Amino acid sequence: MAWFRRAVPDRSDRSRPAPTGAPGGDTPPALHTSLSDVVAVINARAGHLPVEAVVRSRRLTDTLGEIVDTSTVRPLDVYAVIAVRSTLDDYLPTTLQSYLAVDPERREVRSGSGLSPTDSLLQQIDILQTSASATLLAAREQDANALMTQGSFLETKFSRSDLDL
């Protein structure tokens, strides 16, 4: 899925993790590496972010990790990979970087929309969390559906045949 990610022109700024453009960049180990990179960025910038944003961002990364961990049961669905990869490589880092680019004296100033940059940051992280939670639920439901299908198969396979008289 390397073709799906937005190109980031300058990587001299280490506040954003570099995408893994190498083949296999969408494998569970590569996703866990990207996840660790994003957690390191959040931790490194924690002193410049609102405490609530750090907590919510880490909850988001925990949820993304749970999505990747579903791969121990079955391969990750392509949509789950896209959701995790885009959140790690683009959406969350861009959200945090955009907030950090705002002058600290203006972060609590409300705009015409009634939101301050801090409010907007928290709202954006919540939107990402909602999406990640839905992806995790879908992955878990896929596992539950697979279990039910396997149970039906086994019941048919090993129970008395309907053809037996």
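This report walks through a predicted model of one protein chain, from its overall layout to single residues.

## Overall layout

The protein chain has four helices and zero strands. Read along the sequence, the pattern is α-α-α-α. Helix 1 covers residues 28-45. Helix 2 covers residues 51-69, and helix 3 covers residues 78-101. Helix 4 spans residues 117-158.

The chain holds 165 residues, and 36% of them are buried.

## Confidence in the model

How confident is the predictor in the protein chain, by mean pLDDT? The mean is 82, and 72% of the residues reach 70 or more. Among the elements, helix 2 has the highest mean pLDDT, at 97. Helix 4 has the lowest, at 80.

The start of the chain is another matter. Over residues 1-23, pLDDT stays under 50. The model has 40 contacts beyond four places in sequence for this stretch.

## Helix 1 against helix 2

Helix 1 and helix 2 pack with their axes 10 Å apart. The angle between them is about 175°. Angles over 145 degrees count as roughly antiparallel, so helix 1 and helix 2 are roughly antiparallel to each other.

Which residues make the contact? Helix 1 supplies P28, L31, H32, L35, V38, V39, I42 and N43. Helix 2 supplies V54, S57, R58, T61, L64, G65, V68 and D69. By class, this contact of helix 1 with helix 2 has nine nonpolar, five polar and two charged residues.

## Helix 2 against helix 3

The axes of helix 2 and helix 3 come within 10 Å. They cross at roughly 165°. Helix 2 and helix 3 are therefore roughly antiparallel to each other. Helix 2 passes helix 3 in a left-handed crossing.

On the helix 2 side, the contact uses S57, L60, T61, L64, I67 and V68. On the helix 3 side, it uses A80, V84, T87, L88, L92 and L96. The residues of the contact of helix 2 with helix 3 include nine nonpolar and three polar, with no charged residue.

## Helix 1 against helix 3

Helix 1 also packs against helix 3, with the axes 10 Å apart. Here the angle is about 10°. Angles under 35 degrees count as roughly parallel, so helix 1 and helix 3 are roughly parallel to each other. Their crossing is left-handed.

From helix 1, the residues in this contact are A30, L31, S34, L35, V38, I42 and R45. They meet V84, R85, L88, D89, L92, L96 and L100 of helix 3. The contact of helix 1 with helix 3 divides into ten nonpolar residues, one polar and three charged.

R56 lies in helix 2. Is R56 buried or exposed? The cut-off for buried is under 20% relative accessible area. R56 has 19% relative accessibility, so R56 counts as buried. Leaving aside neighbours within four places in sequence, R56 is in contact with L122, I125, D126 and Q129.

T63 lies in helix 2 as well. At 7% relative accessibility, T63 counts as buried. Leaving aside neighbours within four places in sequence, T63 is in contact with Q129, A132, S133 and L136. T63 and Q129 are 66 residues apart in sequence. In space, their C-alpha atoms are 7.8 Å apart.

## T95 in helix 3

T95 is found in helix 3. Its relative accessible area is 9%, so T95 is buried.

What does T95 touch, not counting residues up to four places away in sequence? The partners are L121, Q124, I125 and L128. One of them, L128, is 33 residues from T95 along the chain. The C-alpha atoms of T95 and L128 are separated by 10.0 Å.

Note on methods:
Residues numbered from 1 in each chain as written. Predicted model: local features only at pLDDT ≥ 70, side-chain atom pairs only at ≥ 80, totals over all residues. Heavy atoms only, no water. Axes fitted to C-alpha atoms, helices over the stretch in contact; angles between N-to-C directions. Helix = DSSP H or I, 4+ residues; strand = E, 2+ residues; numbered from the N terminus. Parallel < 35°, antiparallel > 145°, perpendicular 65-115°, else oblique. Left-handed = near helix turned anticlockwise from the far one by under 90°. Contact = heavy atoms within 4.5 Å. Nonpolar A, V, L, I, M, F, W, Y, C, P; charged D, E, K, R; others polar. pLDDT = per-residue confidence, 0-100. Buried < 20%, exposed > 50% of the residue type's maximum accessible area, 1.4 Å probe, protein only.
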